[in-house]
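This report describes the model shown below, one part at a time.

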Amino acid sequence: MSTPAEVWSYRTLIANLAQRDLKARYKKSFLGWTWSLINPAVTLGIYTVVFGVFLKGTAPVAGNGRLTSFALFLFCGLVLWNLVSGVINNSIASFLGAGQLLTRTYFPPEAPMVAGLTTVLIQGALELAILWGFMIVLGNVSWTFLISIPIMLLGACLAFGVGLVLGLGNVRFRDVGYLVGIGLQVAFYATPIVYRLDQVGELAQRVLVFNPLTAFVGGMRATVYELELPTTNEWLMMGGSATASLLIGWWVFGRYAPRVIEEL
Amino acid sequence: MSKIVVDGVSKRFRLQKDRAHSIKELITRRDRDVDADEFWALRDVSLEIPEGSMYALIGHNGSGKSTLLRCVAGIYRPTEGSVSVDGRISTLLELGAGFHPDLTGRENVYMNATILGMSKRQIDGLFDEIVEFAGVEEFIDSPVKIYSSGMYVRLGFSVAVHVDPEILIVDEVIAVGDEAFQRRCFSHLFDLRRNGVTIVVVTHGMGTVQSMCDGAAWLDHGQLVMVGDANEVATAYVQRVNQVEDEGATVTAPSEAGSADSVMLQEPGVHVTGVSFRDGSGAVTRSATFGEPFRIEMHYEVLGEAVRNPTFGCAIHSEGGVYLHGVNTAYKRVDTGMVSGTGVVAYEVDRMALAPGSYRLTLGTTDAHVQKIFDRWEDISLVVRPGAERAGDGLTDLGGHWNLTPDTTSAMPPQLSRSTGGGGGREGSSRWSA
């Protein structure tokens with residue numbers, strides 16, 4: 001198992017891998033970087049129309065007491081969700097992509113995973129900045145915005161731990177790739193993103209509270225939309241799930257990655 | 001001082017059932033009852049590689065050479081035993097590994113060099129040298145997917161050898177690229193070695209082993225057969241390979257020795273119907289051995305009337321197309337007399353002077369004046385294997401002897417001498433004495 005310090009000593013490689021991914025991603029595309037914004041924008045648009053307009057979804061009044069916007073309320077949760085699903089998907093792709101390289105030269109297998117995480121974090125930061133931008137334009141601003149940064153980072157840790165394990169599993173059993181697609185879809189609707197927790201029944205609420213992502217989305221809405229701090233319960237849920245996931249993921253990956261690489 | 005110590009290393013691979021078909025051979029060759037799911041790629045291998053030496057791993061395909069190389073490089077963890085390595089390793093297991101086809105040569109150089117452990121500043125300093133060595137200056141800002149395979153490989157090699165390693169691990173990658181580049185690769189490796197870099201190579205070229213390496217280890221089915229001086233190990237290995245090959249060659253029909261297409265003109269004249277090679281003892285062989293006697297036999301058949309004093313000839317080209325040798329019975333004033341029916345003509349060589357390597361042999365028959373060509377058989381593969389005598393560099397070995405005379409007072413002045421004048425010794429500096 002590689003220690004974080006060992007992985008850190010390969011930071012130049014990590015930076016280069018991340019840079020390579022970013023550069024290669026939009027090579028030969030006309031709109032290039034704009035694509036990374038078009039995608040979430042379209043998703044946001046669709047959800048706003050379907051859940052906000054057709055299904056008459058409503059949002060609470062924002063922290064400044066004037067603003068009520070279903071789209072932005074939705075966007076708070078979506079930014080977090082895009083980060084989480086992005087990290088998981090990217091971890092799987094990163095391990096697959098680095099596999100051939102890992103059989104030919106030595107470097108910690110965690111390095112390409114961290115590089116993949118970095119690219120998604122950059123994308124996440126961009127989306128968060130846009131969310132902030134809208135809020136600032138609409139006059140819904142507070143220092144609590146800054147709290148959304150650690151929330152996003154904790155969310156990335158939670159997803160990274162899961163991604164490390166799934167990345168390994170995907171190489172061993174190709175079913176994992178398909179299961180992840182389904183799992184993410186279930187998780188998306190099992191998290192109050194396109195709806196509010198108080199809109200579902202009591203039983204569903206009691207179940208959904210155990211989904212760590214509920215706390216993350218709650219935290220995002222609190223800090224960026226309602227301009228409040230997350231509740232203690234939410235903090236505990238976020239911190240606990242992120243720590244547990246990262247520790248377990250890192251350990252499993254460190255222990256089994258060398259063996260999986262040999263079998264590539 | 002040993003740079004790399006391999007101590008009792010064994011490596012076991014688990015074979016997955018769904019992958020079994022691709023390594024079927026490995027399974028079927030082994031005893032299925034024992035444990036078909038396991039395969040020992042290395043068994044109790046111990047060796048020490050001294051600092052600053054060039055060390056070769058030899059053996060047939062699947063003998064565990066590459067596995068051992070990967071264990072040393074840290075890519076594989078040994079199942080048993082340990083590998084201790086003292087120094088920074090650069091690996092060259094596959095050239096251009098990690099090149100991204102959509103990125104430019106420049107971007108890929110930076111990428112590849114960081115994988116091999118260089119910092120951005122170090123790469124900045126070496127960048128021009130890397131590109132120049134690879135000879136891809138014009139294309140460095142084009143995506144590598146438009147590169148020819150040669151350019152791809154050259155750039156990969158260039159990056160790997162410029163990273164200033166303490167230990168360089170090279171798999172059979174240098175066998176690619178054109179001759180000129182290969183020579184440059186080897187001379188570069190040689191320079192690295194002179195600068196104290198420890199180099200471990202996997203190679204099938206015994207010429208390389210004998211001429212460049214200090215030590216060698218011979219692996220067979222994951223076990224160490226022999227370890228020691230490169231020359232001795234290579235010679236022993238070659239003897240074994242030759243022996244195995246010859247056992248397979250005794251049943252060869254004469255016409256099978258040359259597998260190339262023959263241009264058979266069904267016209268009257270002398271036609272070549274088959275070729276066979278024989279070694280010094282007269283046994284049929286598939287290849288010649290450097291420094292040993294060798295005989296090329298041409299089986300002929302005369303169609304139509306008997307031919308007076310026909311000419312039989314042969315020519316040898318290098319793989320690169322260099323015309324090395326051509327001879328026929330007319331040059332040598334051999335009277336072949338009236339020839340009819342069938343028969344065999346042999347060209348005998350007392351000492352094979354072609355250096356180990358692959359050559360193309362052409363055989364032909366003409367009339368007495370070498371005007372009318374009766375038959376011509378081109379592109380017969382002729383392989384010269386290394387023998388007990390070690391060949392010099394280049395395509396042939398003149399077989400000369402060295403003689404040292406320390407006392408020059410009694411010796412004649414040299415015929416051609418270097419002028420001691422101020423010209424710097426470049427142009428017109430040598431003169432033949434009258």
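## Chain B overall

Among contacts in chain B between residues at least 6 apart in sequence, 72% link residues at least 24 apart. This is a predicted model. Chain B holds 9 helices and 23 strands. Of its 434 residues, 36% count as buried.

## An open sheet in chain B

In chain B, 6 strands make up an open sheet with mixed pairing, in the order 5-6-7-3-8-9. Strand 5 (89-92) and strand 9 (223-229) of chain B are at the edges; each has a single partner strand, so one side of each has no neighbour in the sheet. From one strand to the next, the twist averages 15°.

## Strand 7 of chain B

Strand 7 of chain B is mostly covered, with 5 of its 5 residues buried. B:Thr198, B:Val200 and B:Val202 point one way from the strand, while B:Ile199 and B:Val201 point the other way; all are buried.

Strand 7 of chain B is joined to strand 6 of chain B by 4 bridges, and the two run parallel. In strand 7 of chain B, B:Val200 stands opposite B:Ile169. Strand 3 of chain B also runs parallel to strand 7 of chain B, and 4 bridges join them. Here B:Leu57 stands opposite B:Val202 of strand 7.

## Helices 6 and 10 of chain A

In chain A, the axes of helix 6 (residues 148-172) and helix 10 (residues 232-262) come within 8 Å and cross at roughly 30°. An angle under 35 degrees counts as roughly parallel, and helix 6 and helix 10 of chain A are therefore roughly parallel to each other.

Helix 6 of chain A passes helix 10 of chain A in a left-handed crossing. The residues of this contact divide into 20 nonpolar, 5 polar and 1 charged.

## A buried position in chain A

A:Ile88 lies in helix 4 (residues 70-102) of chain A. It counts as buried because 25 C-beta neighbours lie inside 10 Å, and the cut-off for a buried residue is 20 or more.

Leaving out residues up to four places away in sequence, A:Ile88 touches A:Ala159, A:Val162, A:Gly163, A:Leu166, A:Val180 and A:Leu184. A:Leu184 is 96 residues from A:Ile88 along the chain, and their C-alpha atoms are separated by 9.1 Å.

## Contact between the chains

How many residues does the contact take from chain A and from chain B? Chain A gives 16 residues and chain B gives 23 residues. Helix 2 (11-25) and helix 10 of chain A each supply at least two residues of the side of chain A that touches chain B. Helix 2 of chain A gives the most to that side, with 6 residues.

By type, the residues on the side of chain A that touches chain B divide into 6 nonpolar, 4 polar and 6 charged.

Key:
Residues numbered from 1 in each chain as written. Chains lettered and ligands numbered in written order. Predicted model: local features only at pLDDT ≥ 70, side-chain atom pairs only at ≥ 80, totals over all residues. Axes fitted to C-alpha atoms, helices over the stretch in contact; angles between N-to-C directions. Parallel < 35°, antiparallel > 145°, perpendicular 65-115°, else oblique. Left-handed = near helix turned anticlockwise from the far one by under 90°. Nonpolar A, V, L, I, M, F, W, Y, C, P; charged D, E, K, R; others polar. Buried ≥ 20, exposed ≤ 12 C-beta atoms within 10 Å, placed from the backbone. Contact = placed C-beta atoms within 7 Å. Pairing = 2+ DSSP bridges.
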